[in-house]
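I opened this notebook to record what I looked up in the structure. The entries follow the order in which I worked.

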Amino acid sequence: MNVGYLTIGLVILGMVACGVGAFGIAKYAFRISSGKGALAFLFPPYTFYFSFFELQEEGKETPIALWLSGLFVTLLISVAFWQPINMVFQGKADELYPPAADEMEKQFGQKPVSAELSKPIAELEVPVQAPAATNNATNGAGTNNTADTNNAAPATNGGTNNAPAAP
């Protein structure tokens, strides 16, 4: 199944939701008169007018939500995926399938594949790096950010260290 057929299926699903919602709204309209019921079921602008300006009953939210969401989903998918839908209706649905590997090789030529890329993912070796040492007073007992908090000797410049010892 390709994109064109899936899109047509979603459009049909949106139309069904729209129809169920319109039928629910028309049910309320038929209680008023058969003319309003027929208009609400068959003519979407009147359905909009009736559901938002004339319908004043409890429980109207579900049919209105179904009708509007089905209408918007159908319109949005039809506009966004017009090309695949049009290709299916023109009988060119086979062009929507991805080409086979031998067709790709004919068109673009043989591409060398490295041995590393042809291995299964489970066999790949991932280098593990040791975490970097931090100097945020969490590795030692002190509260200042000096070398002695990492349990390391204080740095010297080749000379003597005249700094006082840490408590």
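**Entry 1**

Leaving out neighbours within four places in sequence, I found Thr7 in contact (heavy atoms within 4.5 Å) with Ile77, Phe81 and Ile85. The model is predicted: local features need pLDDT of at least 70 and side-chain atom pairs pLDDT 80 or more, whereas totals for chains, interfaces and linings use all residues. Residues are numbered from 1 along each chain as its sequence is written, and side-chain values use heavy atoms, with hydrogens and water left out.

I placed Thr7 in helix 1; helices (H or I, at least four residues) and strands (E, at least two) are DSSP runs, numbered from the N terminus. Is Thr7 buried or exposed? Thr7 counts as buried because its relative accessibility is 4%. I used these classes: buried is under 20% relative accessible area, exposed over 50%, and partly exposed in between, with a 1.4 Å probe and protein chains only.

Leu10 also lies in helix 1, but I noted Leu10 as partly exposed, at a relative accessible area of 43%. I then looked up Leu10 with Val73: they are 63 residues apart in sequence, and their C-alpha atoms are 8.4 Å apart in space.

**Entry 2: the chain as a whole**

I counted six helices and zero strands in the protein chain. Of its 167 residues, 20% are buried. The chain exposes about 12600 Å², with 64% of that supplied by carbon and sulfur atoms; the areas come from the Shrake-Rupley method with a 1.4 Å probe. Of the contacts between residues at least 6 apart in sequence, I read that 46% join residues at least 24 apart.

**Entry 3: nonpolar cores**

I took a nonpolar core as a set of buried Ala, Val, Leu, Ile, Met, Phe, Trp, Tyr and Cys residues joined through side-chain atoms within 4.5 Å. The largest has 13 residues, and those touching the most other members are Ile25, Ala40, Phe50, Leu55, Ile64 and Trp67. Helix 1 (3–32), helix 3 (44–54) and helix 4 (61–80) each give two or more residues to this core. Which helix gives the largest share? I found that helix 1 does, with six residues.

Around Leu55, not counting residues up to four places away in sequence, I listed Tyr28, Phe50, Lys60 and Ile64 as touching. A second, separate core has six residues, among them Val11, Ile77, Val88 and Ala93.

**Entry 4: helix packing**

I next examined helix 2 (residues 34–42) against helix 3: they pack at about 115° with axes 6 Å apart. Axes are lines fitted to C-alpha atoms, for helices over the stretch in contact, and angles run from 0 to 180 degrees between N-to-C directions. Lys36, Leu39, Ala40, Phe41 and Leu42 of helix 2 meet Pro44, Tyr46, Thr47 and Glu54 of helix 3.

For helix 3 and helix 4, I noted axes that come within 11 Å and cross at roughly 145°. From helix 3, Pro44, Thr47, Phe48, Ser51 and Phe52 meet Ile64, Trp67 and Leu68 of helix 4.

**Entry 5: helix 6**

How many of the eight residues in helix 6 are buried? I found zero, and recorded helix 6 (residues 101–108) as hardly covered. Gly109 follows helix 6 and has a positive phi, near 85°.
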